[in-house]
Amino acid sequence: MTQLRDAETESCPHGPGAQGAYEQTPRNTATRYQDRVDYDRAAVHAVLDEALVCHLAFVADGRPVVLPTVHARIGDRLYVHGSSGGRFSSLDGQAVGVTVTLHDALVLARSWFHHSVAFRSVVVHGTARVVADPAERLDAMRALIDHIAPGRTAESREPTRKELASTAILAVDLEQVSLKSRGDDVVDDEEDLALPYWAGSIPLAVTAGVAKPSPDLRDGIDAPEYAQRYVRPRACDHEH
């Protein structure tokens, strides 16, 4: 008997999983909607690479803290950055959580209860490591800049010694990882299908405007191609 796929709870079927999958552990196992969860490495990487911002969670002075920051992935390692004078520099060896979420559509149902959002979200549990090696710090900073705009590091100045000293780089190995996603189909109760209310989804996407040059830009410097036609990478082939 063929198993029917539930549009609300199916996970993101990104590719054949040729890169393998992350190990499922009690730490990264969902307690609800487990059919939405995926551990496929390629699918996880696609979400991390598309998202512009992550949220880093940790405990400071006995209280939970969640901070937004830019991230970048190199292989199975995630890098985030912050000020060396801030809290990031004190997280070496501490347990942290990292999340990213992409919103693909608004889902409008006939009932209030079944309204939802089509999304792809990655949760990472791990131990933070303050990056001290100069070569790794430069590689991480290069990845962070190119994550925002691919190719940008080749067309901008490298950091000075003072700038490097003011920046804290954290590394988190991708080991305890999970991806949860929801499609954009409406899942109404059968008894509500005859109600006279519109139901459907409204697709969402990151759309870049026209590149705006700095007012102090020297004459004759044109916007590069990646600025004129800026798009976020979207490797996922699933129609959310």
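Biologist: How many helices and strands are there in the protein?

Modeller: The model is a predicted one, and the protein in it has four helices and ten strands. From the N terminus on, the elements run β-α-β-β-β-β-β-β-α-α-β-β-β-α.

Biologist: What share of the contacts joins residues at least 24 apart?

Modeller: Among contacts between residues at least 6 apart in sequence, the share is 76%. As for burial, 38% of the 240 residues are buried. The accessible surface comes to about 14600 Å², and carbon and sulfur atoms account for 54% of that.

Biologist: Which residues of the largest nonpolar core touch the most other members?

Modeller: Leu56, Phe58, Phe88, Leu91 and Val122 do, in a core of 31 residues. Several elements each supply at least two residues of this core, including helix 1 (41-50), strand 2 (53-60), strand 5 (95-108) and strand 6 (116-127). Apart from it lies another core, of nine residues, with Ala72, Tyr79, Leu144 and Ile169 among them.

Biologist: What is Leu56 in contact with, leaving aside its neighbours within four places in sequence?

Modeller: Its partners include Val65, Val66, Leu67, Val80, Phe88, Leu91 and Leu170. Val96, Gly97 and Val98 are also in contact with Leu56. In soluble globular proteins, nonpolar side chains tend to be buried together.

Biologist: Why is the pair of Arg120 and Glu50 called a salt bridge?

Modeller: The closest N and O atoms of Arg120 and Glu50 are 3.0 Å apart, and the cut-off is 4 Å, so the pair qualifies. By this rule the count comes to twelve salt bridges.

Biologist: Which parts of the chain does the pair of Arg120 and Glu50 link?

Modeller: Arg120 is in strand 6 and Glu50 in helix 1, 70 residues apart.

Biologist: How do you know whether Arg120 and Glu50 are buried or exposed?

Modeller: Buried means under 20% relative accessible area. Arg120 has 1%, so Arg120 counts as buried. Glu50 has 11%, so Glu50 is buried as well.

Biologist: What makes Arg120 and Asp104 a salt bridge?

Modeller: Their closest N and O atoms are 2.8 Å apart, which is within 4 Å, so this pair also meets the rule. Because Arg120 lies in strand 6 and Asp104 in strand 5, the bridge ties together parts that are 16 residues apart in sequence. Asp104 has 6% relative accessibility and therefore counts as buried.

Biologist: Why is Arg157 called exposed, and what is Glu163 called?

Modeller: Exposed means over 50%. Arg157 has a relative accessible area of 58%, so the word applies. Glu163 has 31%, which falls between the cut-offs of 20% and 50%, so Glu163 is partly exposed. The side chains of Glu163 and Arg157 meet in a salt bridge at 3.0 Å, N to O.

Biologist: Which residues do salt bridges that share partners join into one network?

Modeller: Arg77, Arg129, Glu136 and Asp173 are joined in this way. Side chains of opposite charge can pair when their charged atoms come close.

Biologist: Which residues make the nonpolar surface patch of about 380 Å²?

Modeller: Leu106, Trp198, Ile202 and Leu204 make the patch.

Technical notes. Residues numbered from 1 in each chain as written. Predicted model: local features only at pLDDT ≥ 70, side-chain atom pairs only at ≥ 80, totals over all residues. Heavy atoms only, no water. Core = buried A, V, L, I, M, F, W, Y, C linked by side-chain atoms within 4.5 Å. Buried < 20%, exposed > 50% of the residue type's maximum accessible area, 1.4 Å probe, protein only. Contact = heavy atoms within 4.5 Å. Patch = residues over 30% accessible without salt bridge, like charges linked within 9 Å, V, L, I, M, F, W, Y side chains within 5 Å. Areas by Shrake-Rupley, 256 points an atom, 1.4 Å probe, with all protein chains shown as cover.
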